[in-house]
Structures are given as structure tokens and as C-alpha cells.
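This report goes through one protein model, part by part. Please look at the sequence and the structure first, and then read on.

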Amino acid sequence: MPTDTATPGPVALVTGASQGLGLALTRALAADGWRVVVDARHADALRRAVEDLPRVVAVPGDVADAAHRAELAAAVTAAGRLDLVVHNASALGPSPLPPLAAHPLEELEHVYRVDVLAPLALTQLLLADLRARHGTLVAISSDAAVEAYPGWGGYGSAKAALDQLTAVLAVENPDLHVYAVDPGDMNTAMHQRAFPGEDVSDRPAPETVVPALLRLARGDLPSGRYRAADLLAGVTAPAGVTAASA
């Protein structure tokens, strides 16, 4: 969405933006004239990542913390509008990934707090601002939300819950564009943690996924769950929905 030089540019909130997909998307949005509010748990890493980017406001903190979410909402209010929310921050759980029957429950509770409850809580805070702009909400999902992989039961079930929350938000808010998107495998620190001792450098860079997210950010596709690979291939119907019925 190009910036109108006569008016302030559109505003996005991207969580988990100090590295990986969140940072790649933030760079692309900033280059396209967006104002972007970003967060990440590690303040120094976040500030270093975005210090040279124009129109980017860094609000370090843990998205699972209610006080931090209030700070993010205040930063959005200060920006004066909200056009896009991207729930990108995620917790993987223990590494190496344990079988579900042996998954430490305290670790699983943390995964659910970050991957499910925090996005919902943040959405609740921001919904009025987003609805005022007929905006777009994007939740970063995973193929582990729909496929049963050994060791991925904790993270995958959390992403499945996020998918369902996103789907319900879509039907409850037909004036918004609400998407869950599976970005596919990427060469990221999280993916490396999932496969300790394995070289994941052959996976696509996060930057290759950004065009798919920008396609969703335009908000002209039906709400639903998408695969980035499909969007990059020109498929513009939600997963499980034919182009004709969409």
C-alpha cells in the first residue's frame, strides 16, 4: 500500500519483529511508507534491528505480559490509526521437541500464553482501532497446526487453536479482513531450535515469504486460512475453498 504524500501513511503493528519473518516484514512495510509499531522480548536486539528503519516505533517487551500489551495499544493510539495487525511472535517450547506425552506442562502453558492467549488479548485491546479502519489482521500459523508431526504436538496444537480463534474472529467481524497464514519452512532461529544439530540454511529466507504477507495486507482477499506458497503461486482462495466459491 503506497503512502499518500498528503496524509500520514498506514499504520501496522508487528509482534516479534527483532529477527526472522517479523523483521523482514517490518523492513518491507517501512520501505513502502508504512508506520510500524514493533515489539520483541529483547530490547537491545529489537532496537539494533530497527534503528535504521524510518517510521518504526520499537516497544520492547513480552507479548504475554498484560502491561506490555497495554504499552503496545498506547503506541498505536499515539499513531492515530491502525490498518494492520500481524501476530507473529511465537514460542516453540523445549528444544529438542519432546513427544507430547512427555511435554512439560509448564512449558506448554507458556507456549499457549504466547501463541494463543496473547494474540487474542492484544486483538481485544486493538479491535476498535482496527474496525475503525476496516483493517486487516494476520496471524502467523504453521503447517503443524493441520498436520500431525512427532514432537510438534505442543506448538502445533497452539497454532491450531490460533487458527480457530482467527476463524471465529473473521465471522464475528465481517467488516475486517482476518487471515491465518502458514509461511512454510524458513531459515530462522526458531526453525533451527526445532532441529538442533541440523543445518537449516537450505530453507527459504524469511524475505521470500514477505510478498505473500503483503498480498494479505492489502485486505482484498476473502478472510480465511492461506498458505504462503499458494499466495506466491497466485492462488487467491483460502485453503480448502475453491476459487469459484470464494
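## Naming the parts

Helices and strands here are DSSP runs, numbered from the N terminus; a helix has at least four residues and a strand at least two. The model is a predicted one.

Is Asn-173 buried or exposed? Its relative accessible area is 5%, so Asn-173 is buried. Apart from residues within four places in sequence, Asn-173 has contacts with Leu-127 and Arg-131.

## The sheet

How many strands form the open sheet, and in what order? There are 7 strands, and they run in the order β3-β2-β1-β4-β5-β6-β7, with parallel pairing. At the edges are β3 (56–58) and β7 (224–227), each of which pairs on one side only. On average, neighbouring strands of this sheet are turned by 20° against each other, direction ignored.

The pair formed by β6 and β7 can be followed in detail. These two strands are parallel and are joined over 4 bridges.

## Aromatic rings

The structure holds 3 aromatic pairs. In one of them, the ring centres of Trp-152 and Tyr-155 are 5.8 Å apart. Their planes stand at 70°, so this pair is edge-to-face; the cut-off for that class is over 60 degrees. Trp-152 and Tyr-155 are both buried.

Trp-152 also pairs with Phe-195, and this pair is tilted, with 6.1 Å from centre to centre and 45° between the planes. Which parts of the chain does this pair tie together? Trp-152 is in the loop between β5 and α5, while Phe-195 is in the loop between α6 and α7, so the pair ties together parts 43 residues apart in sequence. Trp-152 has a relative accessibility of 16% and so counts as buried. For Phe-195 the value is 24%, so Phe-195 counts as partly exposed. Trp-152, Tyr-155 and Phe-195 form one aromatic cluster.

## Arg-203 and its partners

The ring of Phe-195 has a charge over it: the charged end of Arg-203 sits there, 5.5 Å from the ring centre. Arg-203 also meets Glu-198 in a salt bridge between their side chains, at 3.0 Å from N to O. Are these two residues buried or partly exposed? Arg-203 has 16% relative accessibility and therefore counts as buried. Glu-198 has a relative accessible area of 35%, so Glu-198 is partly exposed.

Arg-203 is also touched by Asp-185, a residue in contact with His-191 and Pro-204 as well, not counting residues up to four places away in sequence. Asp-185 lies in the loop between β6 (177–182) and α6 (189–194). Its relative accessibility is 40%, so Asp-185 counts as partly exposed. The C-alpha atoms of Asp-185 and Asp-202 are separated by 9.8 Å, and the two residues are 17 residues apart along the chain.

## Other salt bridges

How many salt bridges does the structure hold? The count is 9. Among them is the one between Asp-220 and Arg-215, whose closest N and O atoms are 2.6 Å apart. Asp-220 counts as partly exposed because its relative accessibility is 48%.

Asp-230 forms a salt bridge with Arg-227, and here the closest N and O atoms are 2.8 Å apart. Asp-230 has 23% relative accessibility and so counts as partly exposed. Arg-227 has 37% and also counts as partly exposed. Elsewhere, salt bridges link Arg-81, Asp-83 and Arg-133 in a network.

How values were computed. Residues are numbered from 1 along each chain as its sequence is written. This is a predicted model: local features need pLDDT of at least 70, side-chain atom pairs count only at pLDDT 80 or more; totals for chains, interfaces and linings use all residues. Side-chain values use heavy atoms; hydrogens and water are left out. Buried means under 20% relative accessible area, exposed over 50%, partly exposed in between (1.4 Å probe, protein chains only). Contact means heavy atoms within 4.5 Å. Two strands pair if DSSP finds at least two bridges between them. Axes are lines fitted to C-alpha atoms, for helices over the stretch in contact, and angles run from 0 to 180 degrees between N-to-C directions. A salt bridge is a side-chain nitrogen of Lys or Arg within 4 Å of a carboxyl oxygen of Asp or Glu. Rings of Phe, Tyr and Trp (its six-membered ring) pair if their centres lie within 6.5 Å; planes under 30 degrees apart count as stacked, over 60 as edge-to-face and the rest as tilted. A charge sits over a ring if NZ of Lys or CZ of Arg is within 6 Å of the ring centre and within 35 degrees of the ring normal.
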